[in-house]
Amino acid sequence: MAAEGWVWCWGWGRRCLGRPGLLGPGPGPTTPLFLLLLLGSVTADITDGNSEHLKREHSLIKPYQGVGSSSMPLWDFQGSTMLTSQYVRLTPDERSKEGSIWNHQPCFLKDWEMHVHFKVHGTGKKNLHGDGIALWYTRDRLVPGPVFGSKDNFHGLAIFLDTYPNDETTERVFPYISVMVNNGSLSYDHSKDGRWTELAGCTADFRNRDHDTFLAVRYSRGRLTVMTDLEDKNEWKNCIDITGVRLPTGYYFGASAGTGDLSDNHDIISMKLFQLMVEHTPDEESIDWTKIEPSVNFLKSPKAPPFLLPQTTWTTPRGTSAAGP
Ligand SMILES: *[C@@H]1O[C@H](CO)[C@@H](O)[C@H](O)[C@H]1NC(C)=O
Ligand SMILES: [Ca+2]
């Protein structure tokens, strides 16, 4: 149990691992030794000494070579999505646009972490911009629709980066990040900013920042965590942390965005998918994970006691690793 907590915190401290200048997903040769020292007898949790691995087939990284090319596409795009050498623009700062980008291959990892480098910016003043970005892990892909440019009644997971409060009576402060899990039966109520189907959320000031903005989603053993790095301090801040989330394997990662009467540029700079090396019980291994119905069980108690929950902020000096000695 303690081990899980340590791995968890340690993993979150490693956003810098994806930074330019660092080779590969690991912070360097000190990692295995450090892990052994830190985790002692609990290395059973870690199958190969690295807790995370970048999966290129599920990642969108500059230069965007495998995007939209007919021969071997890693990602497909749709709608207003436009590719440049520096970013993937889901929508321009123009009205009534919608665009999306979708990973070509379904993901069969049971435990994963997605790091998204994104930018939402435009000329609209406060509350005169919209609508935001949705990040997806869903059964269906490339189907346009009313939910931030993608289909409603989806199967799977959505993370909404909502910049415009459609519900004028809301007490929530926007921009607002929320998560929704759907088995196809639920509809996203745009006029209420998804209030009725929201599992958890947080206010996050990510629009028109003049530095890089990041979001991370971790899914492992039913626990779903969303963290943000928006303050240019190279540290993760907790946004969402819930347990009892069941998602199948074999779904697709994607991102979409939409504009209406109000608009913004919605850009994705990178999406990096890391495999988390987590051991599962023989019982868990024996079931067919592709058959799992997306669901949330709120009654399930958290796996880790409160003192093992990730720290609210986890600081690493820029360009170095938290795991370094
Ligand atoms: C789908 O979700 C709804 C609402 O959460 C639930 O009532 C229903 O039983 C679920 N259906 C399946 C097939 O799991
Ligand atoms: Ca909204």
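Donors to a metal are taken here as N, O and S atoms within 2.8 Å of the metal, or within 3.2 Å for Na, K and Ca, and because water is not among the atoms, sites may look incomplete. The structure is a predicted model, in which local features need pLDDT of at least 70 and side-chain atom pairs count only at pLDDT 80 or more, whereas totals for chains, interfaces and linings use all residues. Residues are numbered from 1 along each chain as its sequence is written, chains are lettered from A and ligands numbered from 1 in the order in which they are written, and side-chain values use heavy atoms, with hydrogens and water left out.

With these conventions, the calcium ion (ligand 2) is coordinated at 2.3 to 2.5 Å by Asp162 (OD), Asp162 (OD), Tyr164 (O), Asn166 (OD1) and Asp193 (OD). The donor residues of this calcium ion (ligand 2) follow the sequence spacing D-x1-Y-x1-N-x26-D. Burial is judged by relative accessible area, with buried meaning under 20%, exposed over 50% and partly exposed in between (1.4 Å probe, protein chains only). Tyr164 is partly exposed, with a relative accessible area of 21%, and Asn166, at 24%, also counts as partly exposed.

Asp131 lies in the loop between strand E6 (112-121) and strand E7 (132-138), where strands (E, at least two residues) and helices (H or I, at least four) are DSSP runs numbered from the N terminus. Taking contact to mean heavy atoms within 4.5 Å, and not counting residues up to four places away in sequence, Asp131 touches several residues, including Asp162, Tyr164, Asn166 and His266. Asp131 is buried yet has no salt bridge, and the nearest side chain of opposite charge, Arg95, is 10 Å away.

A search of the whole structure finds 16 salt bridges. One of them joins the side chains of Asp140 and Lys151 (3.4 Å, N to O), and this pair links distant parts of the chain, with Asp140 in the loop between E7 and strand E8 (144-147) and Lys151 in the loop between E8 and strand E9 (155-162). Asp140 and Lys151 are also linked with Arg139 in a network of salt bridges. In another pair, Asp167 and Lys192 meet at 3.8 Å, N to O; Asp167 counts as buried at 9% relative accessibility, whereas Lys192, at 27%, counts as partly exposed.

The chain contains three helices and 19 strands, and buried residues make up 54% of its 325 residues. A nonpolar core is a set of buried Ala, Val, Leu, Ile, Met, Phe, Trp, Tyr and Cys residues joined through side-chain atoms within 4.5 Å. The largest such core has 46 residues, and those with the most contacts inside it are Trp112, Phe118, Leu135, Ile177 and Ile268. Strand E6 supplies the largest share of this core, namely five residues. A second, separate core of eleven residues includes Trp102, Ala134, Trp136 and Phe154.

Val88, placed in strand E4 (residues 88-91), counts as buried at 0% relative accessibility. Although Val88 and His266 are 178 residues apart in sequence, their C-alpha atoms are 8.5 Å apart in space.

Key
Lys, Arg positive; Asp, Glu negative; His and termini not counted. Salt bridge = Lys/Arg side-chain N within 4 Å of Asp/Glu carboxyl O.
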